[in-house]
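Welcome! Please take a moment to look over the chain below, and then we will walk through it together, topic by topic.

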Amino acid sequence: MQHRTIEEELALTGRALSWTVGVSMEPLLHHRRSTVVIESPHGPLKRGDVALYRNARNDYVLHRVIGTAAEGYVIRGDNCYWKETVPPDKIVGVMAGYYADEGEQYTPCGSPADLQYRRTLPLRFAWVWLHALPGRARRKLGYAIRWRLRRL
C-alpha cells in the first residue's frame, strides 16, 4: 500500500486527515490523540487560522497565525511562547476542523466551541510565558556568569 503525502491528498481530494504529533498546540490538540482535517488554503490566511506548513527541515508543523509581516505570516503554537515567520509558499494547508482526543465529535473551525477556545488564547499564552520564565531567567543568568568568568 502506497501512502500519499498531505500535499498529494490535498491535490487529489481537497482535504486530508492527519494525526497530530507534539505538544505545541495543546490543550486544543493532543499528541497522537487528535485528528485534524486539513484543506487547501482559499486565499490569504487570517489571524486565528491554524496553518499547516513545512519548516526548514521539511517537517510538517501545525501552528496558529497570530499576525502578518512583510515576509509572510507570523505563526506560533498555542502552547509556545516563540514566534516564527513563515513565507506564504511554505503553507501547505489550513485546518478546517478537528476531532479531539480520539473522539467522534467533529469541531469545525469557526464554530462556537472553537471561538470560545480562541477567546482564552491570550490568557493561555500568559500562563505559558510565566511558566517558562524561571527557566529563561536561569539560562540568562548562567550565560552572564559564564561570560563574566571568561573575561577574568
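A nonpolar core is a set of buried Ala, Val, Leu, Ile, Met, Phe, Trp, Tyr and Cys residues joined through side-chain atoms within 4.5 Å. Here, buried means under 20% relative accessible area, exposed means over 50%, and partly exposed lies in between, with a 1.4 Å probe and protein chains only. This is a predicted model, in which local features need pLDDT of at least 70 and side-chain atom pairs count only at pLDDT 80 or more, while totals for chains, interfaces and linings use all residues. Residues are numbered from 1 along each chain as its sequence is written, and side-chain values use heavy atoms, with hydrogens and water left out.

**The chain as a whole**

- From the N terminus on, the elements follow the order α-β-β-β-β-β-β-β-β-α-α.
- Along the principal axes, the C-alpha atoms fill a box of roughly 65 × 35 × 30 Å.
- The chain has 152 residues, and 37% of them count as buried.
- The accessible surface is about 10,100 Å², with 57% of it belonging to carbon and sulfur atoms; such areas come from the Shrake-Rupley method with a 1.4 Å probe, and for residues only the protein chains shown count as cover.
- Among contacts (heavy atoms within 4.5 Å) between residues at least 6 apart in sequence, 50% join residues at least 24 apart.

**The nonpolar cores**

- In soluble globular proteins, nonpolar side chains tend to be buried together.
- Which residues touch the most other members of the largest nonpolar core? Of its 16 residues, they are Leu29, Val36, Ile38, Leu62 and Met95.
- Helix H1 (6-13) and the strands E2, E3 (50-54) and E7 are the elements that give two or more residues to this core.
- E7 gives the most, with 3 residues.
- Apart from this core lies another, of 10 residues, among them Ala51, Tyr53, Val61 and Val65.
- Leaving out residues up to four places away in sequence, Leu29 touches Thr20, Ser34, Val36, Leu62, Met95 and Tyr98.

- Is strand E2 (residues 35-39) enclosed or open? Because 5 of its 5 residues are buried, E2 is largely enclosed by the rest of the structure.
- In a regular strand the side chains alternate between the two faces of the sheet.
- In E2, Thr35, Val37 and Glu39 point one way while Val36 and Ile38 point the other way, and all are buried.
- Strand E1 (residues 15-19) runs antiparallel to E2 and is joined to E2 by 5 bridges; two strands pair if DSSP finds at least two bridges between them.
- Leu17 has Val37 as its bridge partner in E2.
- E2 also pairs with strand E7 (residues 91-99) in the antiparallel sense, over 5 bridges, and Glu39 has Val94 as its bridge partner in E7.

**Aromatic rings**

- How many aromatic pairs does a search of the whole structure find? There are 2; rings of Phe, Tyr and Trp (its six-membered ring) pair if their centres lie within 6.5 Å, and planes under 30 degrees apart count as stacked, over 60 as edge-to-face and the rest as tilted.
- The rings of Tyr81 and Trp82 are edge-to-face because their planes meet at 80°, with centres 5.8 Å apart.
- Tyr81 is partly exposed at 27% relative accessible area, and Trp82 is partly exposed at 48%.
- Tyr99 and Tyr106 form a tilted pair, 5.1 Å centre to centre with 50° between the planes.
- Tyr99 is partly exposed at 28%, and Tyr106 is partly exposed at 26%.
- Arg54 lies over the face of Tyr60, at 3.9 Å from the ring centre; a charge sits over a ring if NZ of Lys or CZ of Arg is within 6 Å of the ring centre and within 35 degrees of the ring normal.

**Two residues to look up**

- Asp114 lies in helix H2 (residues 112-119) and is buried, with a relative accessible area of 1%.
- Beyond its neighbours within four places in sequence, Asp114 is in contact with Tyr98, Thr107, Pro108 and Cys109.
- Thr68, in strand E4 (residues 60-69), counts as exposed at 61% relative accessibility.
- Thr68 and Asn58 are 10 residues apart along the chain, and their C-alpha atoms are separated by 22 Å.
- Leaving aside neighbours within four places in sequence, Thr68 is in contact with Tyr73 and Val74.

Conventions:
Helix = DSSP H or I, 4+ residues; strand = E, 2+ residues; numbered from the N terminus.
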